[in-house]
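Subject: Structure handover

Hi,

Here is the structure I promised to pass on to you. Have a look at it first, and then read on for what turned up.

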Amino acid sequence: MKLHPLLAQLLMPNRSAVIFALKGVVSMALALFASMYLQLDRPYWALVSAVFLQIRPESGLVIEKALCQILGSVAGGAVGILILALFMPYPVLALACLTLWIGLNSAASSLVHNANFIYAFAMSGMTAALVVLLVMAEATMVDSRAVFDIAQSRISEITVGALCAMLVSRLLWPVTVKASLRRHSRDVINKTMEYLSLELDPDSTHEQRHQHADQILEILVVLNDDSSAVAYEGPEGAGRSRAAHLLCNKVMSLLAVTQIMGRFPRNHPHLVSPALSQLIADMRAHFIRIAEADSYEQSYRQAQALRRALLEHKAAYVGESAIVIRLTQTAVELVADLVMVLRAYNALENRDQTLLRASRLKTYRDPLVGAVNGFRTAVVFMIGGAIWLSTGSTAAIMMMIMPVVYSVMFARFSLAVLTRILRRLLVGVIVAVPVALFFGLGLLSRSSGDFELLVLVLAGPYFLGLLALSDRSTLPYGLGFCIPFTLIVQPGNHMTFNMGLATGNALGLFVGISILYWVFKLITPLDGEFMQRRLLRATARDLVSIDYQHRPENWFNGRMGERLLRLANYDQSSDTGHRHMTDLGFTGLNIGHMSIRLRRRIKNHRNAEVDRILAQWQQVLADTYLLSSRGDMNSRFREVSAELLAAIHAAGEPSLQTVTVKGMFERIALTLERTARTIAKQQRT
């Protein structure tokens, strides 16, 4: 019988999970000791801070998150003080300003992808809420000096928890981001090689190719996000970060070029000559050998051997068409990108000063998504605020604070994933309530509240919660258990054992997270065809802007990375069963790279007339791309391509670089026409 993932993780944890949980317990014990020793007002917030830093245990990520946590807390504390300074006599206005600040933080968090940066915005909103609400709860007893003291205490508690977790991550069984980058890089290279071989395999299926492409995009985004944290792991960190950016960028180039090499033989077999068929077969064989290689050196030698083989094929051509010559040159360019990918992988371990700097993959920023997420988080806070104003219960404060943090942290997930996360979070809260009330407070109420007894009683529940936190599938259970358990027990120097107050806090947390669940159900994340169309329009705008970029390939790859992953995720969550939107995303990547390569080939043939028609051609290319995504063809593209070809020939004598331009135009036209037919057929059915 197969166990539930949570039970399996708790009953049969692996060695790494046990070490992770032990490190977490030590971090939390150290945070509690330091905050109690310093006589901080609410030491349990140091524990909350330490818990959040356990989500990713790699030392570089812990340091980055600790810095984000501290900076977010300082910013939130400052805003909380400002709100109170201006509106302390007017509680409704103060809550309105606080709601606006929380909504802005939630909206801003939607414009970044790195989880640590998202967490900084969550902490900024939470700290401001803590300062304002705790002061307003005792407004008659608080003066301006006390306001500053409360803000300082909240920031100090969170900072102590962050510093303790950071210290333990560096000194006790350290796990590095570098190792994670190497692992992800090796995985993405192997997956890319498998994908390349599938693209060139006439017997591969559409679903097989998409499964590999989706996995590659997911790993690339993780690799890109983690690359910022490796900079905190010593003097070599910055170089490894640049190598990771280059690897991600060049893998995007490989995906683009492979689309060119793979789709053409499948969709236009009558244009494939025997020589090109043999070249494709040789490429596929070499890709398989590279994926099976045991070391970087073997992979690098195979890539160089493939490059030589392609040049030999090209030299042996007799009477081949322009499009075949163009595809052969594309294959050579593909191998050049592959060599750079392998060198970037090697640079994650060994320095390579000859590697060029590449752009990191950019987060897709949609103001509409930010507005929806900000509004949803503000609604969650306003509901809690209305309950607090009407009841005056201190338990309602918990209902207002933690759901806001979770709302910001989880806003980037799709509704299907979000529903699963919030349900598991609620299960964790349900388990945490009786454990905190009857085990934690029940035992501690008979003690003197000394640190030693606190650690002895709390270590067991925290260890089990951290075991759940150590695995991605059970992480929401652990997060739902550890945070509420801490906020209900509230360990510290001057603990109270008021069961009524603790029960009220527990009820507030449960109701708050339940409200969050239903608000997410009512104000759903933006998914579906509407968002897909916005992604395609953003791609079309980038196609027009290519000619204005200093390093267009790096710029375009960086813009397309997360955009492609979002299209793939939308397609996966749809009920249509087809992957046309993902195909359209890859088509945009494909024609963008062909447009960039066109500019390289005609750089010695550019004059005022060529530049004028080239700008017109680029706009028509973007328009035709959008039309094809709706199932419509645009005959204007072939006309403008012919005009541009004539202008290029008039600007100078044909060269080795310009003879294949006609083949490029034909290749792009065939791609866009095939795309239009495919979408039109899908719309009819």
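This is a predicted model: local features need pLDDT of at least 70, side-chain atom pairs count only at pLDDT 80 or more; totals for chains, interfaces and linings use all residues.

**The cores**

Let's begin with the inside. The largest nonpolar core has 109 residues, and Met283 and Trp617 have the most contacts inside it. Helix H13, residues 322–347, gives the most to this core, with 15 residues.

**Aromatic rings**

How many aromatic pairs does a search of the whole structure find? It comes up with eleven. Tyr44 and Trp45 make one of the tilted pairs, at 5.7 Å centre to centre and with 40 degrees between the planes. Both Tyr44 and Trp45 are buried.

Trp617 sits in helix H23 (residues 608–629) and Phe665 in helix H25 (residues 661–684), so the pair ties together parts that are 48 residues apart in sequence.

Elsewhere, Phe33, Tyr37 and Phe451 form one aromatic cluster.

The largest cavity has a volume of about 90 Å³. Its lining consists of Val25, Met28, Ala29, Leu32, Leu47, Leu454, Val455, Leu458, Ala459 and Tyr462. H2 and helix H17 (451–469) are the elements that give two or more residues to this lining, and H17 gives the most, with five residues. By class, the lining of the largest cavity has ten nonpolar residues, no polar ones and no charged ones.

The second largest cavity holds about 60 Å³ of space. Around it you will find Phe20, Lys23, Ser27, Leu53, Gln54, Pro57, Val62, Ala165, Val168 and Ser169. Here the elements giving two or more residues are H2 and H7. The lining of the second largest cavity divides into six nonpolar, three polar and one charged.

Now for an open space. The second largest pocket has about 710 Å³. It is lined by 30 residues, and Arg42, Tyr44, Leu134, Gln490 and Leu501 are the closest to its centre. Several helices give two or more residues to this lining: H3 (44–52), H6 (115–137), H7 (144–171), H15 (395–410), H18 (475–489) and H19 (499–522). The lining of this pocket has 17 nonpolar, nine polar and four charged residues. Notice Tyr44 in that list: it is the ring paired with Trp45 above.

**Single residues to look at**

Most residues other than glycine have a negative phi. Gln490, one of the residues closest to the centre of the second largest pocket, has a positive phi near 50 degrees. You can find Gln490 in the loop between H18 and H19. Gln39 has a positive phi too, of about 60 degrees, although it is not a glycine. Where is Gln39 placed? It lies in the loop between helix H2 (15–37) and H3. With a relative accessible area of 53%, Gln39 is exposed, because the cut-off for exposed is over 50%.

Finally, take a look at Asp583 in helix H22, residues 580–601. Asp583 counts as buried because its relative accessibility is 19% and the limit is under 20%. Not counting residues up to four places away in sequence, Asp583 touches His206, His210 and Arg263.

Over to you, and happy browsing!

Definitions and conventions: Residues are numbered from 1 along each chain as its sequence is written. Side-chain values use heavy atoms; hydrogens and water are left out. On a 1 Å grid over the protein atoms alone, a cavity is a set of points where a 1.4 Å probe fits but cannot get out, and a pocket is an open set with protein on both sides within 12 Å along at least five of seven lines; lining residues have an atom within 4 Å of a point. Grid points are joined across faces, edges and corners, and a volume is the space filled by probe spheres set on the points. Helices (H or I, at least four residues) and strands (E, at least two) are DSSP runs, numbered from the N terminus. Ala, Val, Leu, Ile, Met, Phe, Trp, Tyr, Cys and Pro count as nonpolar, Asp, Glu, Lys and Arg as charged, and the others, Gly among them, as polar. Buried means under 20% relative accessible area, exposed over 50%, partly exposed in between (1.4 Å probe, protein chains only). A nonpolar core is a set of buried Ala, Val, Leu, Ile, Met, Phe, Trp, Tyr and Cys residues joined through side-chain atoms within 4.5 Å. Rings of Phe, Tyr and Trp (its six-membered ring) pair if their centres lie within 6.5 Å; planes under 30 degrees apart count as stacked, over 60 as edge-to-face and the rest as tilted. Contact means heavy atoms within 4.5 Å.
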